[in-house]
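Colleague: I would like to learn how to read the features of a model one at a time, with the general idea stated before the particular case. Could we work through one together?

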Amino acid sequence: VLTHADVVSTNADVLTTADKLPKSGGILTGDTSHGDNVKAKFGAGDDLQIYHDPTYGHSHIVESGTGNLKVQANNIYIKNADDTANYIHAQNGAEVGLYHNNSQKLTTTSTGVDVTGTVTADGLVVDGVSTLNNHTKIADGYSLGWGDITTRITGNSSTDLIQQYTAGVQRQRTASNGDISFYEDTGTTPKFFWDASAE
């Protein structure tokens, strides 16, 4: 028969007051383990829950309150489980990078975004100047290097389509009514003009 003294001695690590956490808080000095589907709940209405569901092997962070789930840090890295591949990098006051197979493909900048690779889209709307530069064109088997020449295709307030090799130097203008103007070497005066109405 166990005596009270035996129980106290056997469970001294449990019954010692210093090892207990008070209801008002305290400091854990060891890990806590939660079994499958055992939830860590936060908030008066259990608004935030963290748990593992073994049915499909998923782990869940669930925010069901009226507010938002905020992840706050100076820098945020989302990576794979063994910390060998990147998914998303977010730098405080700097870029956010998106990765594919640990290769950065999209980076935000102070003026927009930089994309590495090919962009495939169902449509494209450009509000402003569209610049195409530093390409190499293959024509009849010959490589024509465009180098630092910039081709600008812009639409102005008259919905004209303008081709420029540098800003302000026009090469061709197609008006909304179909008129086409071809410019001389300075790009300021059209020397050949196609009148769409007169053909």
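Colleague: In which strand is Ser59 found?

Modeller: Before the answer, a word on the source: this is a predicted model, in which local features need pLDDT of at least 70 and side-chain atom pairs count only at pLDDT 80 or more, while totals for chains, interfaces and linings use all residues. Residues are numbered from 1 along each chain as its sequence is written, and side-chain values use heavy atoms, with hydrogens and water left out. Helices (H or I, at least four residues) and strands (E, at least two) are DSSP runs, numbered from the N terminus; on that reading Ser59 is found in strand β3, residues 58-63.

Colleague: Is Ser59 buried or exposed, and with which residues is Ser59 in contact, leaving aside its neighbours within four places in sequence?

Modeller: Buried means under 20% relative accessible area, exposed over 50%, and partly exposed in between, with a 1.4 Å probe and protein chains only. Ser59 counts as exposed because its relative accessibility is 61%. Contact means heavy atoms within 4.5 Å, and, apart from neighbours within four places in sequence, Ser59 is in contact with Tyr51 and His52. Ser59 and Asp36 are 23 residues apart in sequence, with 9.6 Å between them in space, C-alpha to C-alpha.

Colleague: What does the chain look like when it is taken as a whole?

Modeller: Its secondary structure comes to two helices and 16 strands, and 12% of its 199 residues count as buried. Among the contacts with a separation of 6 or more, residues 24 or more positions apart account for 0%.

Colleague: How should I read a charged residue such as Asp53, and which side chain of opposite charge is nearest?

Modeller: The general idea is that Lys and Arg count as positive and Asp and Glu as negative, whereas His and the chain ends are not counted, and that a salt bridge is a side-chain nitrogen of Lys or Arg within 4 Å of a carboxyl oxygen of Asp or Glu. Asp53, in strand β2 (residues 48-53), is buried yet has no salt bridge, the nearest side chain of opposite charge being that of Lys39, 8.7 Å away. Beyond its neighbours within four places in sequence, Asp53 is in contact with Asn37, His58 and His60.

Colleague: What is the phi of Asn37, and where is Asn37 found?

Modeller: Asn37 has a positive phi of about 65° although it is not a glycine, and it is found in the loop between α2 (12-15) and β1 (40-42). Asn102 is another residue other than glycine with a positive phi, near 70°, and its place is in the loop between β6 (96-100) and β7 (103-108).

Colleague: How do strands β13 and β14 pair?

Modeller: Two strands pair if DSSP finds at least two bridges between them. Strand β13 (residues 161-166) and strand β14 (residues 169-174) pair in the antiparallel sense over five bridges, with Thr166 opposite Val169 in β14. The two strands form a hairpin with two residues between them, and Gly168 in the turn has a positive phi of about 85°.

Colleague: Which residue in β16 is the bridge partner of Phe182?

Modeller: The partner is Phe192. Phe182 is found in strand β15 (residues 180-183), and β15 pairs with strand β16 (residues 190-194) in the antiparallel sense over four bridges. Their hairpin has six residues between the strands, and Gly187 there takes a positive phi near 75°. Phe182 counts as partly exposed because its relative accessibility is 31%.
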